[in-house]
2 protein chains.
Amino acid sequence: MTRPEAGRRDRLRAAAAVAGLDAVLVTDLLNVRYLTGFTGSNGALLLGTDGGSAGSGDLFGTDGRYTTQAGTQVPDVELLVDRATMPALARAARTGGATRLGFESHVVTVDELRGLERLLGEDGAAVELVSIRRAVEALRAVKDDGEIEALRRACAVADAALAELAAEGALRPGRTELQVGRELDARMLALGAEAPSFETIVAAGANSAIPHHRPDSTELTEGDFLKLDFGATVDGYHSDMTRTLVLGHAADWQREVYELVAAAQAAGRAALAVGAEVTAVDAAARDVIVAAGHGEHFTHGLGHGVGLEIHEAPGISALGAGTLAAGMAVTVEPGVYLPGHGGVRIEDTLIVTDDEPELLTLTSKELLVL
Amino acid sequence: MTRPEAGRRDRLRAAAAVAGLDAVLVTDLLNVRYLTGFTGSNGALLLGTDGGSAGSGDLFGTDGRYTTQAGTQVPDVELLVDRATMPALARAARTGGATRLGFESHVVTVDELRGLERLLGEDGAAVELVSIRRAVEALRAVKDDGEIEALRRACAVADAALAELAAEGALRPGRTELQVGRELDARMLALGAEAPSFETIVAAGANSAIPHHRPDSTELTEGDFLKLDFGATVDGYHSDMTRTLVLGHAADWQREVYELVAAAQAAGRAALAVGAEVTAVDAAARDVIVAAGHGEHFTHGLGHGVGLEIHEAPGISALGAGTLAAGMAVTVEPGVYLPGHGGVRIEDTLIVTDDEPELLTLTSKELLVL
């Protein structure tokens, strides 16, 4: 059976051949993971464009710590073990006769490029280094079946962790944001997450008006908003979900803000369609909030892609560019933040499909009053 | 009271003035945290060298998400809020009349440098971009009292987590590496860690011969080695500790390997002195292992600095350079790995002092037979 990584390499190979490159040096660690399956902390891929069949001329580089792991995780690419991984692969490209070598200019540092230029200029050899920009990230934006399954499981872990916490009464007045955040994290780990997707946000009361509040010793208080933004990582894939609830009795202003954000979020989800401009998706949700006079209180973009990174392509915002494609995994997360009072954000992770988007975060979006 | 960050900025300012720089653009996020106290995910510092008094001409940049947080965490540096943080600070440097601007060439990407060059060349202005290399990392290698206190607490959390796990009988045959790893992580979080310092290593039986084994479903087995390499992060500072134990009865070969590594580790710790060459410290431990005929089974360096990163300056290895200074926080972690059989690593985190090194990881290093 061909591994999905081989198909991904072939797609990059085709793009590189079109750009007139003999080979591509992939050094972003997540891009390397995507193209090879390698999960260690040092690895790079030299992808050859000659031939075009999977594995042709490809070379996976890592250091001696990962020889065994590379053999298991990357069985279908020739292995090169060298402590100075990137230079060793560049040297291999030169030896292999490459004259135009692609590299990731958004990842390679100034020092690394200078090192490569020195090395590739040795003996009067002329290898031109050409940026491939975010070519691999562009491929990564569209998920395959295995990736979508990992995202489903990552979202299910987050759903279950929150359900358990709520059922046990852990979200009650008197507890601190930090306690709740740590329990949510521990619960996700116990349910099989490798790690939280990012630093879990627990924001109580006025803190809920801060979009990215870091949990502190603030206590949950009767009648206050409680905003939870969190996710689980499973097989390297990240889930992302925000729910806002009220402790005790919800005041009218809280219900109003909540219903507004919920309506905007529903509009954003409904706008997720193949071919939709990301700016139009953002506008679909934002228009609802602007029409209610709260435009200035929605201070961030509507959403972002999720996958091997918690934030990846496509960005869904007024400043974004491009259109949605089937298989993209994105968040829809409008918010209204009233400084000093409180804020509401509602966020789901979804898959864009030719039909309705598939909702992966299944926790109810009814205003939960605990 | 002056914050420690102000003193750190002044030390960098002095170094920059010596290098003939008008200003320095610090963009590595941990270096920014070290120099300002900012813990968000986007921030950069423009440090002016004119005047030399703390704060003189300095500018802290971040985006709108962090306006409030920056006000709290960085009260003593002027704030600039701009989504395109790095270009905005570079523009401020140019406006301020800088002609030689330092930048971190090991962090700034090729794309970012091209952007800065374009921007700084506008209107025929001539601002020279000069690499400061790892100047901030060099400052970070020597810890101040507050940093050492954070490291003490990070090590104490790891000590306590392991003690609790052992006391509860969680390290018994039949349990899997993954279960133990997750419990260790959850325990550290419950004890106040922000996160594990790195992906916890739990390696049972023959897996203990793999220096960086990733926990899997391997079961702990009577008579086998169990190697645990883990740490806690507290206030951003990382602890790092490895202990190897035996489940049930230790065989003679296991005792022999263990005693050998323990002797090497003690020799390495004893060599930690102000002014010692890092290569000599590595050799002090390595010689013990080589003399016992196991040189080829000790396949990595002896240790590394720890702090805001789990691996930072100074590196302690045969390939290292430089000497130790008082206040450096380092690990000493020799290992002997017998492929297919098992391996032992013993690792402590310590502070180099003018006297004996201060041991921060206090868990016993007697061979623990559970």
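Student: What makes Glu312(A) and Arg140(A) a salt bridge?

Tutor: The rule asks for a side-chain nitrogen of Lys or Arg within 4 Å of a carboxyl oxygen of Asp or Glu. In Glu312(A) and Arg140(A) the closest N and O atoms are 2.9 Å apart, so the pair meets the rule. Across the interface of domain 1 of chain A and domain 2 of chain A, the rule finds three salt bridges.

Student: How far can I trust such values?

Tutor: This is a predicted model; local features need pLDDT of at least 70, side-chain atom pairs count only at pLDDT 80 or more, and totals for chains, interfaces and linings use all residues. Residues are numbered from 1 along each chain as its sequence is written, chains are lettered from A and ligands numbered from 1 in the order in which they are written, and side-chain values use heavy atoms, with hydrogens and water left out.

Student: How do you know where the domains of chain A lie?

Tutor: The bounds come from an automatic or database domain assignment. Domain 1 covers 4-140 and domain 2 covers 145-359. Their C-alpha centres lie 36 Å apart. Six residues from domain 1 of chain A and eight residues from domain 2 of chain A make the contact (heavy atoms within 4.5 Å).

Student: Which three residues supply 69% of the area that domain 1 of chain A buries against domain 2 of chain A?

Tutor: Buried area is the accessible area (1.4 Å probe) that two parts lose on being put together, summed over both. Between the two domains of chain A it is about 590 Å², with 48% from carbon and sulfur atoms. Leu30(A), Arg33(A) and Arg140(A) supply that 69%, more than any other three residues.

Student: What makes a pair of residues a polar contact?

Tutor: A pair of N or O atoms must lie within 3.5 Å; within protein, one must be able to donate a hydrogen and the other to accept it, and residues adjacent in sequence count only if both atoms are side-chain atoms. The interface of domain 1 of chain A and domain 2 of chain A has three such residue pairs (both at pLDDT 80 or more). Between chain A and chain B the count is twelve. The salt-bridge count between chain A and chain B is zero.

Student: How do you know that the copies meet through the same surface?

Tutor: 100% of the interface residues of chain A are also interface residues in chain B, so the surface is the same. Chain A gives 22 residues to the contact and chain B gives 23 residues. The area buried between them is about 2,200 Å², 55% of it from carbon and sulfur atoms.

Student: What makes the bond from Ala313(A) to Pro314(A) cis?

Tutor: Its omega is near 0 degrees. The bond from Ala313(B) to Pro314(B) is cis too, with omega near 0 degrees. Most peptide bonds are trans.
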